Amino acid sequence: MITIEKTDSVIGARVHNLSLADIPDAGTVNDIEAALEIHGILIFPEQEITPQQMIDFSSTLGDLELTELEAARLENHEEIFVVGNVGKGLVSFSPDNDEQELEWHSDHIHHEVAARASLLYAKEVPDVGGDTLFACMYHAYDTLPEDEKRRCEKLEMIHCASGLDHYLEKQKLGGSNSLSGERQHKKVVRPLVRAHPLTGRPGLYFGNQVTIGIVGWDQNEAKAFIRDLTKHACQLGFQYRHKWTAKDAVLWDNRRVIHAGTPYDVKNTRRLMYRTTLRETAPIRSIG
Ligand SMILES: [Fe+2]
């Protein structure tokens, strides 16, 4: 029987008595899904798992999506997206220092099929930096003034990988982020306020770099709006910061939280993370 220990933040919980090396039975899958719905982020510490075990565990939660960055797929285990600075090339979506903007996003928001959840497993982590910040978009929506809620509910956001590539080019480490050029620049339009398919709760759904515009809006006004919205939505009080320890696995609900990586020394430290990505299974609907 798994046990759940809530974090001190508004989101997130640690899950004990569960090994991701084992295929969970139907009851355990239900418990995991129920806990994910309540907490938004689940942390599984001290996991010893092989790539195949990670894929097998993830597959019990749903169908997996491959990364569009073909060179970042793990050899012989293509469902795993390799993130970090170890191996073939640098794959990082963090700024190069604390002065730069973060890259807040929901995984695959710019894909035809978005990601409902992601599982990230820490193989190697630096002592300093390389944290992952998560922000709860239920809180972000709930705390908007009523007139701002109504305004946001009408907005259709434009998401495109060009926003990510533009961001990465601005980072000094972007030059060595050799995989960024592989992405297609197809635009996807989605409501800013989406109803969670399980809870019905409204949450904001956007990224501060990958969301490149708002339908019917001037580009500069849209960018300014997104910048202000990010300040509100990702404020400290709505965040959980995960400081990684090797062998941590973290599962999050991309329908409810957006996340961002913090900088680390890509030249002198090692960071190696494996990610599996669960396909969205429900339509992304506005509320009402
Ligand atoms: Fe991500």
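# A walk through the predicted chain

The buried residues of helix α2 are covered by elements that include β4 (64-65), β6 (77-84), β7 (115-124) and β17 (272-279). Two terms need explaining. Helices (H or I, at least four residues) and strands (E, at least two) are DSSP runs, numbered from the N terminus. A residue is buried if 20 or more other C-beta atoms lie within 10 Å of its own, exposed if 12 or fewer, and partly exposed in between, with C-beta atoms placed from the backbone.

This is a predicted model, in which local features need pLDDT of at least 70, side-chain atom pairs count only at pLDDT 80 or more, and totals for chains, interfaces and linings use all residues. Residues are numbered from 1 along each chain as its sequence is written.

Stay with α2 for a moment. This helix covers residues 51-59, and its buried residues are M54, F57 and S58. Seen down the axis of α2, they fall within an arc of 95°, so they line one face of the helix. The arc is that of the directions from the helix axis to the C-beta atoms. An α-helix has 3.6 residues a turn, so residues three or four places apart point the same way.

Now step back to the whole chain. The protein chain has six helices and 17 strands. Its C-alpha trace spans about 50 × 45 × 30 Å along the principal axes. A compact globule of 288 residues would have a radius of gyration near 19 Å, and the chain agrees with 18 Å. This radius is taken over C-alpha atoms, and the globule rule is 2.2 Å times the number of residues to the power 0.38. Buried residues make up 44% of the 288 residues.

Among contacts between residues at least 6 apart in sequence, 82% join residues at least 24 apart.

Next come the sheets. Strands of a sheet pair through backbone hydrogen bonds, either parallel or antiparallel. Here, two strands pair if DSSP finds at least two bridges between them. Axes are lines fitted to C-alpha atoms, for helices over the stretch in contact, and angles run from 0 to 180 degrees between N-to-C directions. Strand β8 (residues 132-136) joins β16 over five bridges, in the antiparallel sense. Look for L133: its bridge partner in β16 is A260.

Another open sheet also has three strands, in the order β10-β9-β13, and its pairing is antiparallel. β10 and β13 (211-214) stand at the edges with a single partner strand each, so one side of each is left without a neighbour in the sheet. Neighbouring strands here are turned by 35° against each other on average, direction ignored. Strand β9 (residues 156-159) runs antiparallel to β10, and four bridges join them. H159 has V188 as its bridge partner in β10.

Which residues touch the most other members of the largest nonpolar core? They are I41, L42, Y121, A135, M137, L204 and V257, out of 72 residues in this core. Strand β7 gives the most to the core, with six residues. A nonpolar core is a set of buried Ala, Val, Leu, Ile, Met, Phe, Trp, Tyr and Cys residues joined through C-beta atoms within 7 Å. Take V257. Leaving aside neighbours within four places in sequence, V257 is in contact with I11, G40, I41, F134, A135, C136, M137 and W252.

Finally, visit some loops. Q171 sits in the loop between α5 (161-170) and β10 (188-191). Is Q171 buried or exposed? With 21 C-beta neighbours inside 10 Å, Q171 counts as buried. Not counting residues up to four places away in sequence, Q171 touches P95, D96 and Q100.

S94 lies in the loop between β6 and β7. It has 22 C-beta neighbours inside 10 Å and counts as buried. Beyond its neighbours within four places in sequence, S94 is in contact with G261, T262, P263 and Y264.

N17 is found in the loop between β2 (13-16) and α1 (26-39). N17 is exposed, with 9 other C-beta atoms within 10 Å. Its phi is near 60°, a positive value in a residue other than glycine.

Technical notes. Contact = placed C-beta atoms within 7 Å.
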